[in-house]
Amino acid sequence: MALPVEEWRLCVARRWDALEPALRERLAAASLNDTLRLGCGLLRPEAEAAALRRLCRRAPAGKEPAAARFYREEGNRLFGRRQYGAALRLYSQAVSHEHPGSPEVSVCFANRSAALFHLGCFEVCLEDIARAESHGYPDRLLPKVLLRKAECLLCLGRLQDAANALSAVENKIAMDGIMTSAAHQTLLKKLSQLKTKIREKESCPQPAREACGDIQRKSEIWEENDSISGASSSLSLNFDIERGRHLVAIQDIHPGQNLLQEEAFVSVLCPGESVLLQDSDETAWDTRVTNADLYCHRCLVQLLASVPCRGCSYAKYCSQNCADVAWEQYHRTECSLGALLLTLGVFCHVALRTVLLAGFAEVSRLVEGSHDNDKDLHNPEARWEHPSEAPDKRTGTRGIPGCNDNGQYQSSYQAVFNLLPHAEKHSPEHKFLCVLSVVAICKQLQEAGLEAAVLNRESSEKCSEPEICEKTSCELSPELKIMAEAMLRHVLQLQCNAQAITVMQESVSGDGAVVNKKPVRLATAFFPVLSLLNHSCCPNISVSFSGTAATVRASQPIPSGQEIFHCYGPHRCRMRVAERQQLLSQYFFKCRCQACLDELESDVKSVVSMRNSFLCPSCRASMQVGEDMLCCSNEACAISVSRESLSRRLQDLQQQIKKALELLKDRKADQAIKMLLKCQMDAGNFLSPKHLLMGEMEDHLAQVYATLGKWQEAARHLKRSIEIVEVHHGPSSVEIGHELFKLAQILFNGFAVSEALSTIQRAEKILSVHCGPQSTQIQELQEMKTCLLELPRSILQRT
C-alpha cells in the first residue's frame, strides 16, 4: 500500500474542501517550503489528528502477551497435526508479541526449534535452541531441548559436538535425581538411542568430500565507471533539456552484459497479500501471513526463523545483527510509530526512513540550499534552459543535478534529494494529503520525545523505549520543519522515482518436484543511479534483485550511442498503447518511445490487440475492435456483440479457473482437471487460440498433471503454454526463460534425459542474460544437468 488508507484520504479530502478558496489557491501555487509552512497549522488535534489515532488502532504494532499466548497455542495445535511449516510461522508470531524479558520467550523459541527440526532445518534449529537457553528456558524442561540439540549435531555430522551435548544431558539428569515418570523414561530411552547412533557413525569411515562437489559459479567481468557509482565503464551520464539526465552506451554492449549494480539507498518492505495459516473461520487474532512475516525488514532475505524487534511486534529480522543495525540506523525512531506508518502507507515510511538514514546535518544542508534557488525549486533542471549554461565536454558531468563537486554521480542522499519531485505537476489535493501526512508523522515524533533521536543528538540507549504522550504540540520545532520539508519532497518524488523490488516467489506443486514462481512486489526503494534510466515500452535492459541490491543487464544488443531504457511497468507485450499511455500519465510525461510511435502513427493493430482478441461466437472469425460493440470480421457473418458481454464472459471464465486451482490446492486433482478442460472448451468458443489466458490454462493443466506424477502429460500441456508465451513475449524473453525452467523440471522428473538437457541449455542461455549466471534458477538448472550427466552411459543412450 503506497498511499495512506482510504479513510485517511477521505478525511483529508473533506478538510481540503472546507478550506477557504484563497488558502487553497495559495497551497496549490506554493513552493515545498511554503506548502509545509502553511500545512503545519492545518492538522487539527480534535479532528484530523484524532481521526488518525482511531485509524491507527486498527493496525496495532505493539507487544501483546495475550496474542503471543494465542499464537503459541495455535502453533502447538498445528504441530500436533504435523503441519510444521504453519506451526513455525505461528511460533514466530508468538515470539514477536512477547516482551523481551518475558519467561515465555524461551518457550516460544524452544517450540519453534522443534518445528525447525522436523522440517530438517538443523542449523537454524540450533540457533533457536541457543536463544531458548539464553532467555532462561525452564530448567526442568532443558534435557528434552538438549537432546534435540544433540540430534541436530548428529544429523549435521558434528559427532564430537553431539557427544558433548549428550554428556550435558546425562549430567543434567544426574543432578536432578532419578526420573520415574513415563516422560522421563522416554527421555532416557532416546538418550540411549542417540549414544548408539553416535558410536555407529564413529565406527564407519566418513566418505571423502569431492573438491569440486559444488557447482562453480561463473564470475562476471566488471569494470566500474569513474563518474557513476556502480555503473559499467561502457556507460556515460548525459543531459539535455528534452530527456533530462540519462545514460548512454559509449561502446557496443552485448546481451547479458552487466551495466549497473546498485544497493538501494533506502527500502521499505511492502506487506503484500496475506495467506491464512490455519483453518478456523473466526479467531481472536489475525493468523494470516504476509511478506512482513516472510522477509527480513532490513536486508529483505527470506526468513525461516525471524528475530523480533525488542520494542514492537511488526519488525522482524533474519539475524540479531540485522536487528541491531536497523535499530541504530532508523528503527529506534520508527519503532513506536509502527501503527501510524502502516496507516499512512509505504511512501510516507520511505520518506521518513530516507531522512533518518541521511542524518539531520545532510538533510539540513540540502534543504537550506534549495531555499537559495526557490525560483527553480519546481524544476531543478530549468537552470540548463540556456545552452551556454549546460554541462559541456570541458566540465563533463559536473553541474548536472545530483553530481558532487568532482562531477561524480553517486548513490548518495544528494542524488536522492535531486530527483525531480514534480511539485508543480501533482494535484493540489494530493500535495495536501502528503503534507498533512508528513506533519502528522513529525508531530508524533515530537510528542513521543523522539526529536533528539531524529536530529542525531541522543544515544540509542536513552531513547530506546519512548513513551507516547497524549498532549499535542501546536508547532513543530524549526529542525523538525526542515526534516518535514525533506520528507514532503521525497513523498512527491516517489510517484515518479519509486522502484519496486521484486522477487520470484515460489508456489510448490504436488510434492515439490515442480516449483512455480511468480514475480511479487517485495519492497519500495530509492535507487538514485537506476532512476537515471528513462522509460521505453520496449526496453533494452532487464533488472533483477538480490535482497536490497539491483542488477541491470542488457537484454539485447545495444550499439554505441544508444540510450539505455528501462520499462516503468507498461510493456508493449502486455497492454495496448492507449492503456500504456494512460498508465504512464502518473509519471507526468507522454511516452514517445518507438513502440508507442509505431502503434500511434499506423493503422496496424497492436500485437496485444491481435493476440488477445475475441472470436465471433457464431463463426469463430476474429472480432473487429470497437468502443462498445465488436463486429465479426467475416462479412458473410457480420454479427455484432457488445464488448461488455464478452468481457463479462471472460470474467466468468477466470472465476472458473480460480475455482479449479482451489480444487488443486485441496488435493482434488481429478476434479481440477475436469474443470480446466471444460474451461478450455468454453474459451475456445470466444477467445483467440493465442490469447494469453489459453496459455495460462495449459500451464495450470501442466501443474495438475505434475502433481499426479504424469510427466508426459504435464510436458505436453506446458509446451503448448510456451508456444503462446513465445508469441506474446518473444523467444528470448525472461517469461520464456521461466517457462522453460518449469519444463526442465518436468522433463527431469519424467526421466526424459536428452530432451531435459536441451531444455536446460536453452533455459540457461535465456535466464543468464536476464538474471545473471549466479541466479538461483541458473544454479538449479546446473544441478539438474550435473545429475543427468552423471547417469550411466547405457541409460543416457536409451533416453
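Colleague: Is Arg620 buried, partly exposed or exposed in this predicted model?

Modeller: In this predicted model, Arg620 belongs to the loop between α23 (607-611) and β15 (623-624). Buried residues lie under 20% relative accessible area and exposed ones over 50%. Arg620 has 48% relative accessibility, and it therefore counts as partly exposed.

Colleague: What is phi of Arg620 near?

Modeller: Arg620 is a residue other than glycine, yet its phi is positive. The value is near 65 degrees.

Colleague: Where is Arg82 placed, and is Arg82 buried or exposed?

Modeller: Arg82 sits in the loop between α5 (65-80) and α6 (84-97). Its phi is also positive, near 65 degrees, although the residue is not glycine. The relative accessible area of Arg82 is 67%, and the cut-off for exposed is over 50%. Arg82 is therefore exposed.

Colleague: Which strands are the edges of the open sheet of three strands?

Modeller: The strand order is β3-β13-β12, with antiparallel pairing. An edge strand pairs on one side only. The edges are therefore β3 (258-263) and β12 (541-546).

Colleague: Which residue of β13 stands opposite Phe545?

Modeller: Strands of a sheet pair through backbone hydrogen bonds, in either a parallel or an antiparallel sense. For β12 and β13 (residues 549-554), the pairing is antiparallel and extends over six bridges. The residue opposite Phe545 is Ala550.

Colleague: Which helix packs on the sheet?

Modeller: The helix in question touches β12 and β13, and its direction makes about 120 degrees with that of β13. It comprises residues 753-771 and is α29.

Colleague: Which residues are in contact with Ile441, leaving aside its neighbours within four places in sequence?

Modeller: Ile441 is among the residues with the most contacts inside the largest core. Contact requires heavy atoms within 4.5 Å. With the sequence neighbours set aside, the partners of Ile441 are Leu337, Leu340, Leu341, Leu344, Cys348, Leu352 and Met487.

Methods. Residues are numbered from 1 along each chain as its sequence is written. This is a predicted model: local features need pLDDT of at least 70, side-chain atom pairs count only at pLDDT 80 or more; totals for chains, interfaces and linings use all residues. Side-chain values use heavy atoms; hydrogens and water are left out. Two strands pair if DSSP finds at least two bridges between them. Helices (H or I, at least four residues) and strands (E, at least two) are DSSP runs, numbered from the N terminus. Axes are lines fitted to C-alpha atoms, for helices over the stretch in contact, and angles run from 0 to 180 degrees between N-to-C directions. Buried means under 20% relative accessible area, exposed over 50%, partly exposed in between (1.4 Å probe, protein chains only). A nonpolar core is a set of buried Ala, Val, Leu, Ile, Met, Phe, Trp, Tyr and Cys residues joined through side-chain atoms within 4.5 Å.
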